[in-house]
Amino acid sequence: MRGKALAAAVLVLGGTGVAAAAAASPSAQVAKTKTVKVADNFYSPKKLTVAKGATIKWVWSNRNADSHDVYLNKKPKGVKRFQSAPAATFYSFKRKLKKAGTYKLLCTFHEGMTMRIDVKS
């Protein structure tokens, strides 16, 4: 009986130590890169909320029939406009969003293909 109690105590204490070590390690922190899928006539997700300094990575689906791009249409004051190259497949584009505010993006080839990113301080 004493052996089982000792083993349980070691597991509890050991588990706590492992959890504390994992929480303190950089790899256990929340990822600062969010991925957005670029597919035929939509971005997925269409809306994102991220912390200031997050990187957004747009990844084109390998099944697209048409070319698409990512164009920053509306932005917080002081942010430079950006646009990806047009592509259909096997392409990705990323930007680090350093300023809080609302970013509205669109595909210049497809009306209605839009997305919104809210960046919080």
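Here is a short walk through the fold, its sheet and its core. The model is a predicted one, so please read what follows as a description of that prediction.

Let us begin with the chain as a whole. One helix and eight strands make up its secondary structure. Of the 121 residues, 28% count as buried. The chain exposes about 8100 Å², and carbon and sulfur atoms supply 57% of that area. As for how the sequence folds back on itself, take the contacts between residues at least 6 apart in sequence: 56% of them join residues at least 24 apart.

Now turn to the sheet. Four strands form an open sheet in the order β2-β1-β4-β6, and the pairing is mixed. At the edges stand β2 (42-44) and β6 (92-96); each has a single partner strand, so one side of each is left without a neighbour in the sheet. On average, neighbouring strands of this sheet are turned by 20° against each other, direction ignored.

In general, strands of a sheet pair through backbone hydrogen bonds, and they may do so in a parallel or an antiparallel way. Both senses can be followed here from strand β4, which covers residues 55-60. With β1 (residues 33-39), strand β4 pairs in the parallel sense over six bridges, and Thr 33 stands opposite Thr 55 in β4. With β6, strand β4 runs antiparallel, joined by five bridges; here Ile 56 stands opposite Arg 95 in β6.

Next comes the interior. As a general rule, nonpolar side chains in soluble globular proteins tend to be buried together. In this model the largest nonpolar core has 23 residues. Which residues have the most contacts inside this core? They are Tyr 43, Trp 58, Leu 105 and Ile 117. The elements giving two or more residues to the core are β1, β3 (47-51), β4, β7 (101-106) and β8 (114-120).

Leaving aside neighbours within four places in sequence, Tyr 43 is in contact with Val 36, Lys 37 and Val 38, among others.

Definitions and conventions
Residues are numbered from 1 along each chain as its sequence is written. This is a predicted model: local features need pLDDT of at least 70, side-chain atom pairs count only at pLDDT 80 or more; totals for chains, interfaces and linings use all residues. Side-chain values use heavy atoms; hydrogens and water are left out. Two strands pair if DSSP finds at least two bridges between them. Axes are lines fitted to C-alpha atoms, for helices over the stretch in contact, and angles run from 0 to 180 degrees between N-to-C directions. A nonpolar core is a set of buried Ala, Val, Leu, Ile, Met, Phe, Trp, Tyr and Cys residues joined through side-chain atoms within 4.5 Å. Buried means under 20% relative accessible area, exposed over 50%, partly exposed in between (1.4 Å probe, protein chains only). Contact means heavy atoms within 4.5 Å. Accessible areas come from the Shrake-Rupley method with a 1.4 Å probe; for residues, only the protein chains shown count as cover.
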